[in-house]
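Please look at the sequence and the structure first.

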Amino acid sequence: MLRIFFSSEDVARTRVAPAADQVWELVLSLHLLQGRSRDPVMAGWRRDVSGGLRRDSALGQLRLLLALNPPRGYFPDFLTPYQSLHGLEAGLDGIRSTPIAALERDLNVLAGENPLSLPSSASALARGDGEVLRYLTDSMRVYQVTAIEPYWARIQAAVEADRNRRGRALLDGGAEGLLASLRPAMRWDSGVLEVPDYPVVRELHLDGRGLLLVPSFFCARIPVTLVDPELPPVLVYPVDRLGGLVPAPREGAGSAPSAGQGSGRAALAALIGRTRARVLEVVGDGCSTGEVARRLHISPAAASQHTSVLRNAGLLVSHRDRNTVLHTLTPLGRAMLDG
């Protein structure tokens, strides 16, 4: 059980990360890659990434990175610095700038849990060796090219769909409504956010710093936070994966160039019908069934029927929150809408 304690100031300072975090996604994906999960949604990604790393002879270069990220248990806080909020390069700069005391502390904890798995380069890393730090971040870039970059559009779409849900919860219920919307993985009650299935018993007091919520594609079922209570408080939580990962088509591959968004929308209407095409348009930024009905001037029953057909076709995903159903586009729905 993890229990996070909020003051009224902490509630006011709680926010959702502005986009998918490339460093957190990279690090958490390493745990899934090495784990034994039989999740069918991720099976294709694991197979393709493992094969790609072997073909590129990259596994040797990733030895230290893989050792720092065991499939279960502790992994070092310094691998996911707060600077990653501003993008991959900012995050890698943050890793290279980690104070030696933090490196030594994190690696001592990791070695205590995995005494036989760390390569000799980990000792130099603990001493703050600049060459080893650069080697580590270079290996993260190598891994990112194979495991993250081809799938980034899908990852971003899933995270953005979740951000739309949280934004709606914030508009409807304020910051406390946002925190309450995190169920069932978490429970919000009387100033305390609880994560029931957290692997250890822990309490985190925010002390006026607020909390950064980071929606993540590669986060497993249980939310993740940093071990060091002095670091800026972050809670990473899983999003709906919207059907899994498919790599983006290579540039220049596929069909002929689009004739423009207008003709694309017309073709979409011809394919699925004008009303359902308009449903996809209004759902683009997140929309409830009632709002679909009001915006399109159709009955709630008709709006529910259209969203059900589009959901069954894999074009949108629906989440129920009490008496409201919020619809957001899947990556396929977004691709169709964009022509």
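Two residues are said to be in contact when heavy atoms of theirs lie within 4.5 Å. The model described here is a predicted one.

## Thr 328, a residue in a strand

Thr 328 sits in strand β11, which covers residues 324–329. Its relative accessible area is 1%. Buried means under 20%, so Thr 328 counts as buried.

Which residues does Thr 328 touch, leaving aside its neighbours within four places in sequence? The contacts are Ala 161, Asn 164, Val 283, Gly 286, Leu 316 and Val 317.

## Thr 14, a residue in a loop

Thr 14 belongs to the loop between α1 (8–13) and β2 (15–16). With a relative accessibility of 10%, Thr 14 is also classed as buried.

In sequence, Thr 14 and Leu 213 are 199 residues apart, yet their C-alpha atoms are 7.4 Å apart in space. Leu 213 is among the contacts of Thr 14 once neighbours within four places in sequence are set aside.

Helix α6 has 14 residues, 100–113.

The buried residues of α6 are Ala 102, Leu 103, Asp 106, Leu 107 and Leu 110. Viewed down the helix axis, these residues fall within an arc of 115°, so they line one face of α6. The elements covering them include α4 (63–68), α7 (121–126) and α8 (130–147). On the other side of α6, Ala 101, Asn 108 and Gly 112 are exposed.

## Helices α5 and α8

How do the axes of α5 (residues 88–96) and α8 cross? They come within 9 Å and cross at roughly 155°. Angles over 145 degrees count as roughly antiparallel, and α5 and α8 are therefore roughly antiparallel to each other.

The contact involves Leu 88, Glu 89, Leu 92, Ile 95 and Arg 96 on the α5 side. On the α8 side it involves Leu 133, Arg 134, Leu 136, Thr 137, Met 140, Arg 141 and Gln 144. The crossing of α5 and α8 is right-handed.

## Helices α2 and α3

The axes of α2 (residues 22–34) and α3 (residues 40–55) come within 10 Å and cross at roughly 95°. This makes α2 roughly perpendicular to α3.

From α2, Ser 29, Leu 32 and Leu 33 take part in the meeting of these helices. Their partners in α3 are Trp 45, Arg 46, Val 49, Ser 50 and Leu 53.

Conventions: Residues are numbered from 1 along each chain as its sequence is written. This is a predicted model: local features need pLDDT of at least 70, side-chain atom pairs count only at pLDDT 80 or more; totals for chains, interfaces and linings use all residues. Side-chain values use heavy atoms; hydrogens and water are left out. Helices (H or I, at least four residues) and strands (E, at least two) are DSSP runs, numbered from the N terminus. The expected span of a helix is 1.5 Å times one less than its number of residues. Buried means under 20% relative accessible area, exposed over 50%, partly exposed in between (1.4 Å probe, protein chains only). The arc is that of the directions from the helix axis to the C-beta atoms. Axes are lines fitted to C-alpha atoms, for helices over the stretch in contact, and angles run from 0 to 180 degrees between N-to-C directions. Angles under 35 degrees count as roughly parallel, over 145 as roughly antiparallel, 65 to 115 as roughly perpendicular and the rest as oblique. A crossing is left-handed if the near helix is turned anticlockwise from the far one by less than a right angle, and right-handed if clockwise.
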